Amino acid sequence: MNADAVRVVIDLDLTGPLVSRHLYGHFAEHLGRCVYGGFWVGKDSPIPNIRGLRRDVIGALRALNIPNLRWPGGCFADEYHWRDGIGPRRQRPRMVNSTWGDVVEDNSFGTHEFMDLCELLEAEPFVNGNVGSGTVREMKDWVEYLTRSDDAPMANLRRANGRQAPWQVPFWGVGNEGWGCAGHLRPEAFADRACRYATYVHDHGGNQICRIAAGGINADYAWTEALMKALSANQFSAGGPGPYQAISIYRSVHDSELFRDRGDALDFDTDAYYRTMVQARRTEELIARHSTIMDRHDPDRRVGLVLCEWSTWWQVQPGTNPGFLFQQNSLRDALAAAVIFDGFHRQAGRLTMANLAQTINVLQAVLHTDPETGALVKTPTYHVFEMNKGHQDGSALAATIVGGPSRRVGDHELPLVSASATAKADSALVSLSNLAPDAGQAIVLDLRGRAVKGFAGRCLTAPRLQDHNTAARPAVVAPRPLGSVSRHARGLSLELPPQSFATIELDLGD
Ligand code: AHR
């Protein structure tokens, strides 16, 4: 145990911006075993399902209160033609998923199956339109198919396929990765294209769409600049809503700054772990920098910033299809997620949505399904989402860490304690991480402004950073009660084990 207690000061009555539940969003792409074998097994599968959708997956995700689900990609979105995925399943045309594994896609999971999934999950759909290889008309028709209620041709086509009432679709992605899979465009060229496509994504009836133009990755600020400039050049500058209401960015975390240096998901040493934590923490800095560019064009913060894909990204698990992006998920991934979420809470004034890449069996998934037995496994990252779910729609609170150990990692000074907090009417939630793998950390929560009536702590840790869950050992990394929390003259005191993530729920009720 580190002898010096670190003080975390929280003013419980000084609330900041809303931490939208959409910061806990998800992403399902037609990639590897995310949709097929992950969400979708088909009605005839021996795996218990609801109209072809895995029952256990729905249960596990509902327990996270997942607020939204992005689909059908990713890069796949820019080669997806929605009309291939409607009507009787056996008659649907096939296609080649050329981005992911070069496999044949039979389109058995399409628009109706996705909307059914969202309804079962009680999650809001985030449909990503095809700007790369689709037409403006195709996108316009898809919106009509989904959301119109009158006797318009697309609404009638939907009814002919078995769905009477229109759906609500609050989020619409305009393309994906303009610099790559949407056509290798320059930022300015893509911004013009996004304006044109978004113009035809209409609001029908009571359905109001937030159109999200695809932006840049990591520190590629040219995309944010170009997308915001294009908005300023539109009626947006005269007070109108502009063709799109949000722009996105992408973030992938490795154990270095460079994408090509992706390490192994499990075979890593302590130095690589620390480098990963530096990169996880850097996510907040990148969000803040993109935000600053947006502030210049949009000081009133009318345009949302959406981190439409974030994850750790390791080499694929040996022996699996390199195009399927399956990677194991260890305690290191959970700690990376915890640090990233702390940054999200602090940046909530501009960050309106974030989507984990991806929900099942791809990259930093929260769920794995065994390809042979079908067994469902909750990854360590799942537990961070679950322990943090109380932050959804809370108000951000500043959690100021006074002092605290840090470690030199290359050019960076990495603080070893990370914290964030939110409040609701009668409760608050504090998230704390101790990133040191070799020392526990005493913490004093210096709580001001409101009386704390009760408290409960939970902790996620494991003996090794490489520890992970499998079908045979599903709870190696799983939350347990944190027994060390007790009253202190300043609020509460507690002890964080080495390499741990903890949440402390505070009862502020009368
Ligand atoms: O999430 C996997 C892929 O990563 C997505 O298809 C793409 O948008 C990104 O490069």
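Residues are numbered from 1 along each chain as its sequence is written, and side-chain values use heavy atoms, with hydrogens and water left out. Because the model is predicted, local features need pLDDT of at least 70 and side-chain atom pairs count only at pLDDT 80 or more, while totals for chains, interfaces and linings use all residues.

**Exercise 1. Give the strand order of the open sheet of 8 strands and find its edges.**

Step 1. Helices (H or I, at least four residues) and strands (E, at least two) are DSSP runs, numbered from the N terminus. Two strands pair if DSSP finds at least two bridges between them.

Step 2. The order is β2-β5-β8-β9-β10-β11-β12-β13, and the pairing is parallel.

Step 3. β2 (26-27) and β13 (351-356) each have a single partner strand, so they stand at the edges, with one side left without a neighbour in the sheet.

**Exercise 2. Describe the surroundings of β12 (residues 304-312).**

Step 1. Take the partner strands. β11 and β12 run parallel and are joined by 8 bridges; β12 and β13 also pair in the parallel sense, over 4 bridges.

Step 2. W310 is the bridge partner of R251 and stands opposite L356 in β13. V306 has M353 in β13 as its bridge partner.

Step 3. Check burial, where buried means under 20% relative accessible area, exposed over 50%, and partly exposed in between (1.4 Å probe, protein chains only). In β12, 9 of the 9 residues are buried, so the strand is largely enclosed by the rest of the structure.

Step 4. α8 (residues 331-346) lies across β11 (246-253), β12 and β13, and runs at about 170 degrees to β12. Axes here are lines fitted to C-alpha atoms, for helices over the stretch in contact, and angles run from 0 to 180 degrees between N-to-C directions.

**Exercise 3. Describe how α8 and α9 (residues 380-387) pack.**

Step 1. Two packed helices are described by the angle between their axes and the distance between the axes.

Step 2. For α8 and α9 the angle is about 30 degrees and the axes are 7 Å apart. The two helices are therefore roughly parallel to each other (angles under 35 degrees count as roughly parallel, over 145 as roughly antiparallel, 65 to 115 as roughly perpendicular and the rest as oblique).

Step 3. List the contacts, meaning heavy atoms within 4.5 Å. L331, D333, A334, A337, A338 and F341 in α8 meet P380, T381, V384 and F385 in α9. These contact residues divide into 8 nonpolar, 1 polar and 1 charged.

Step 4. Check how far α9 is covered. Of its 8 residues, 8 are buried, including Y382, H383 and E386.

**Exercise 4. Is N97 buried or exposed, and which residues does N97 touch?**

Step 1. N97 lies in strand β6 (residues 95-97).

Step 2. Its relative accessibility is 2%, so N97 counts as buried.

Step 3. Not counting residues up to four places away in sequence, N97 touches H30, F76, E79, D102 and V103.

**Exercise 5. Locate L266 and list what L266 touches.**

Step 1. L266 is in the loop between β11 and α7 (270-297).

Step 2. At 25% relative accessibility, L266 counts as partly exposed.

Step 3. Leaving out residues up to four places away in sequence, L266 touches Q328, S330, Q466 and H468.

Step 4. The C-alpha atoms of L266 and P93 are separated by 40 Å, with the two residues 173 apart along the chain.

Key
Ala, Val, Leu, Ile, Met, Phe, Trp, Tyr, Cys and Pro count as nonpolar, Asp, Glu, Lys and Arg as charged, and the others, Gly among them, as polar.
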